[in-house]
Amino acid sequence: MFKYFEPNKIFSVTSKAPKYVLFLFIIILSIGLTEALILSPEDYKQSHSVRIMYVHVPAAWISLGIFSSITFLSVVGYIFKIRNFFLISKSLAPSGLVFNIIALVTGSIWGKPTWGTWWAWDARITSMLILVLFYIMYLVAWRIYESNDKAFKITSVITILGIINVPIIKYSVDWWNTLHQPASINILSKSTIHSSMLFPLLIMTAAFVLFSLLIFLMKYNTELIKIKNKGLDRL
Amino acid sequence: MINETLLMNGYGLYVWSAFGFTLLSFGSLYLVTKIQYTREKNKFIAKFGNLNSERAAFAKSQSINKEILSNTSSI
């Protein structure tokens, strides 16, 4: 099964895909921005500041999702010695880091009108800040060790340590008294968010997913060409 | 209508700066990634051009190399 993950086989797809993904991203983002900034209603308590949710929440979801994917791919890649999984993880990390930073900055901007402060050492915010540090450590490890076996080992250890933080982020609002409200969207039980706000939130999430896919594809292609450059040096 | 959308009952500055920061981050990440991609691709094309005909023929026999050389996508 793993032969389908061979870089030589998938480059023909990944090299052509970005332009289609970019096109789709622009369309979905335009719809999402119109919904989020103009068509969606204001909140009865938070008024228009609730609109920040449409960038803050998807960014937080995707940064957590990407880190979980990186950990899964690194562990499976290490166990089964699939180098391509490390390449995929490495290509996912930059967008994960940027989404994590977006979640923190937009959360801070949202905090000022809602809580009266730009920053608080609250459990959710602090654990998200720790996740940024893990993303940075992960990317720095790749920069230092390049593409050798040591890099595979060290980056896997970083992701395994970092993944402990992910459930802490998710459940911090239930375990501790924090400024954050508990989750409004639940997969297993009824969501407390109104459909008029849920729809733009889902559209914006789709746009953000497409953007991370676009960056992933471009990064992955760059990494493959880097490897091929080294191959030409050896000829 | 336009005033309401811009000012948002006094929350406009917060909302627009949050969206602005997000879009600016997207633009920066896209540009940096694109520059890295173009740089690596140009390096590859230059290296390929320096190969002698025998080595170039061997390198061209690999499908991925052909893909890189033929891929004229602007992204």
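Buried residues account for 40% of the 235 residues in chain A, while in chain B 21% of the 75 residues count as buried. This is a predicted model, and both of its chains are helical: chain A has eight helices and zero strands, and chain B has four helices and zero strands.

**Overall build**

- Along the sequence, chain A reads α-α-α-α-α-α-α-α. Its radius of gyration is 19 Å, close to the 18 Å that the globule rule gives for 235 residues, so chain A is as compact as a globular protein of that length.
- The C-alpha trace of chain A spans about 65 × 40 × 30 Å along its principal axes.
- Of the contacts in chain A between residues at least 6 apart in sequence, 77% link residues at least 24 apart.
- Chain B, followed from its N terminus, runs α-α-α-α.

**The largest nonpolar core**

- This core holds 65 residues, and the members that touch the most others are A:Ile52, A:Ala59 and A:Met204.
- The largest share, 15 residues, is supplied by α8(A).
- A:Ile52 is worth a look on screen: leaving aside residues up to four places away in sequence, A:Ile52 touches A:Thr106, A:Ile109 and A:Trp110 in its own chain, and B:Tyr14, B:Val15 and B:Ala18 across in chain B.

**Where the chains meet**

- On the chain B side, 36 residues are in contact with 40 residues of chain A.
- The elements of chain B that give two or more residues to this side are α2, α3 (53–60) and α4 (63–70), and α2(B) gives the most, with 21 residues.
- By type, the chain B side divides into 18 nonpolar, eleven polar and seven charged residues.

**A closer look at α4(A)**

- At 1.5 Å a residue, the 33 residues of α4(A) should span 48 Å, and the end C-alpha atoms are 46 Å apart, which agrees.
- There is still a kink of about 30° in α4(A), at A:Ala93, shortly before the proline A:Pro94.
- Since 24 of its 33 residues are buried, α4(A) is largely enclosed by the rest of the structure.
- Just after α4(A) comes A:Gly116, which takes a positive phi of about 85°.

Notes
Residues numbered from 1 in each chain as written. Chains lettered and ligands numbered in written order. Predicted model: local features only at pLDDT ≥ 70, side-chain atom pairs only at ≥ 80, totals over all residues. Core = buried A, V, L, I, M, F, W, Y, C linked by C-beta atoms within 7 Å. Buried ≥ 20, exposed ≤ 12 C-beta atoms within 10 Å, placed from the backbone. Contact = placed C-beta atoms within 7 Å. Nonpolar A, V, L, I, M, F, W, Y, C, P; charged D, E, K, R; others polar. Expected span 1.5 Å × (residues − 1). Bend = angle between axes of the 7 residues up to and from the residue. Rg over C-alpha atoms; globule rule 2.2 N^0.38 Å.
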